[in-house]
Amino acid sequence: MTELQLKICIDKAPSVLVYENSGRQSLSVLGWELSRCYENVRHIRLEHVLQYLTTMEADTVLLDVFNTLQIGGTIEIICEDFDTVVLQWQNAVWDENSIRSPDSDARQAFARLFGPQKLGNPTQTTYDSAYPDTFKSAYSSDRLHFLLERAGFTEVAVKVSAGILIGQGLKTMQRGERQIAKSLAGIRPDHINRYTFAKDQLVLLQPSAVLDLACGIGYGSALLADALKCRVVGVDIDTGAIQYARQHYASEGTEFIQADARLLELEAETFDAVVSFETIEHVAFDLELLQKFHQLLKVGGTLIVSTPNQDVMPFDAEKFQYHIRHYTVQEFVDLVRAAGFKVAARYQQKDPHGGVVEPGHEGAFTILVCHKA
């Protein structure tokens with residue numbers, strides 16, 4: 001299996017030099033385009049790369065590294081520990097001798113904070129006004145740990161050795177459009193708002209059993225189980241996502257099952273409610289999936305389902321690489337009705353990143369509340 005080592009390419013920043021496991025220099029590529037050249041890599045090591053990137057570039061690199069790795073693949077990051085550097089900076093003595101001595105705290109701390117800057121002298125022929133050898137961001141143990149988990153890595157560990165951070169993480173699931181975080185505080189607001197809306201819709205019904213189909217890592221299932229005080233079954237096709245759910249979101253009220261929705265074997269008319277957010281646009285069997293929901297619901301049961309609004313977010317295969325299609329509100333309503341449901345109400349989220357759920361049908365996301373007659 002391929003193993004990659006990435007180092008910064010000073011003359012073409014923010015490119016990185018990619019070395020394969022043989023040690024042979026392979027290519028220079030933008031750090032966030034690694035997945036265009038490689039796939040199913042077993043291990044990637046980033047050695048003193050992140051600090052040369054802006055924080056947005058570094059976020060994008062970590063996401064692309066995640067996509068490049070195979071399931072079970074690992075990442076290793078080596079970079080300066082900002083906490084250690086700050087202490088060295090505070091201890092520095094600033095005088096002519098310290099500035100001229102390459103081993104002084106002043107010189108060392110400056111270089112570790114702002115980069116070597118060998119190309120930053122305008123009196124030299126090597127001067128480069130793009131400042132490719134200047135650091136653009138800094139990392140502490142806590143920040144690196146947070147960013148690795150935010151990118152989707154699990155079993156994250158960060159240690160400090162001689163003022164250097166060594167961060168490691170494991171890829172256990174395909175990220176796609178999943179939110180991955182150990183607590184609700186790390187989940188994007190628009191995702192939380194959908195589950196909070198579902199909770200508010202169902203609380204007066206006092207359901208005994210709810211199905212959360214395409215539950216991802218299970219944060220929504222946990223939210224519903226805690227608020228409704230009922231059994232919530234979360235189902236997802238990704239084994240890694242279900243393992244993560246069982247590790248971080250399990251409770252007395254939750255049950256997590258790994259299964260393909262089409263092959264899901266649960267007793268008919270088992271659930272008082274089914275919740276499935278941002279699912280049908282990912283599958284080629286949309287009607288079949290909705291009919292499965294109809295089969296699993298009790299008579300009078302409630303389905304709460306959402307999808308992007310084609311009129312507001314037109315489908316683009318390159319932009320929405322994990323989607324198959326989008327639906328206009330009317331197409332969405334017609335599809336749900338074809339599966340046997342009665343549409344009780346239409347809701348929307350206008351803001352695609354943090355939107356509250358409100359009545360209407362002109363938002364970026366459409367949410368339908370339906371009943372099984």
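Glu269 and Lys372 form a salt bridge, with their closest N and O atoms 3.7 Å apart. Glu269 sits in the loop between strand E10, residues 254-258, and strand E11, while Lys372 is in strand E15, so this pair ties together parts that are 103 residues apart in sequence. Glu269 is partly exposed, at 43% relative accessible area, and Lys372 counts as buried, at 7%. Please keep in mind that this is a predicted model.

How many salt bridges does the structure hold? The count is 18. I will go through a few more of them.

Take Glu149 and Lys182, whose side chains meet at 2.9 Å, N to O. Glu149 belongs to helix H5, residues 141-150, and Lys182 to the loop between strand E7, residues 164-170, and helix H6, residues 189-202, so parts 33 residues apart in sequence are tied together. Is Glu149 buried or exposed? Its relative accessibility is 17%, and the cut-off for buried is under 20%, so Glu149 counts as buried. Lys182, at 42%, counts as partly exposed.

Next, Arg178 and Asp238. Their side chains meet in a salt bridge at 3.8 Å, N to O. This pair also links distant parts of the chain: Arg178 is in the loop between E7 and H6, and Asp238 is in the loop between strand E9, residues 231-236, and helix H8, residues 239-248, 60 residues away. Here Arg178 is buried, with a relative accessible area of 18%, and Asp238 is buried too, with 12%.

One more item on this topic.

Now the aromatic rings. A search of the whole structure finds 10 aromatic pairs. One of them is Tyr195 with Phe277, an edge-to-face pair with 5.1 Å from centre to centre and 85° between the planes. Where do these two residues lie? Tyr195 is in helix H6 and Phe277 is in the loop between E11 and H9, 82 residues apart, and the pair links these distant parts of the chain. Both residues are buried.

Rings also turn up at the surface. Trp89, Trp94, Ile99, Phe110 and Phe114 form a nonpolar patch there, with about 480 Å² of accessible area together. Ring pairs link Trp89, Trp94, Phe110 and Phe114 into a cluster. Trp94 lies in the loop between helix H2, residues 82-91, and helix H3, residues 96-100. With 46% relative accessibility, Trp94 counts as partly exposed.

On to helix H9, which covers residues 286-296. Which of its residues are buried? They are Asp286, Leu289, Leu290, Lys292, Phe293, His294 and Leu296. An α-helix has 3.6 residues a turn, so residues three or four places apart point the same way. You can look for that spacing in the list of buried residues. What covers the buried residues of H9 includes strands E8 (209-213), E11 (271-276), E12 (297-308), E13 (341-349) and E15 (365-372), along with helix H10 (329-338).

Last, the cysteines. How many disulfides does the structure hold? The number is zero. Cys37 counts as partly exposed, at 40% relative accessibility, whereas Cys79 counts as buried, at 1%.

That is what I have for today.

Notes: Residues numbered from 1 in each chain as written. Predicted model: local features only at pLDDT ≥ 70, side-chain atom pairs only at ≥ 80, totals over all residues. Heavy atoms only, no water. Buried < 20%, exposed > 50% of the residue type's maximum accessible area, 1.4 Å probe, protein only. Helix = DSSP H or I, 4+ residues; strand = E, 2+ residues; numbered from the N terminus. Contact = heavy atoms within 4.5 Å. Salt bridge = Lys/Arg side-chain N within 4 Å of Asp/Glu carboxyl O. Patch = residues over 30% accessible without salt bridge, like charges linked within 9 Å, V, L, I, M, F, W, Y side chains within 5 Å. Areas by Shrake-Rupley, 256 points an atom, 1.4 Å probe, with all protein chains shown as cover. Disulfide = S-S within 2.5 Å. Phe/Tyr/Trp six-rings, centres within 6.5 Å; stacked < 30°, edge-to-face > 60°.
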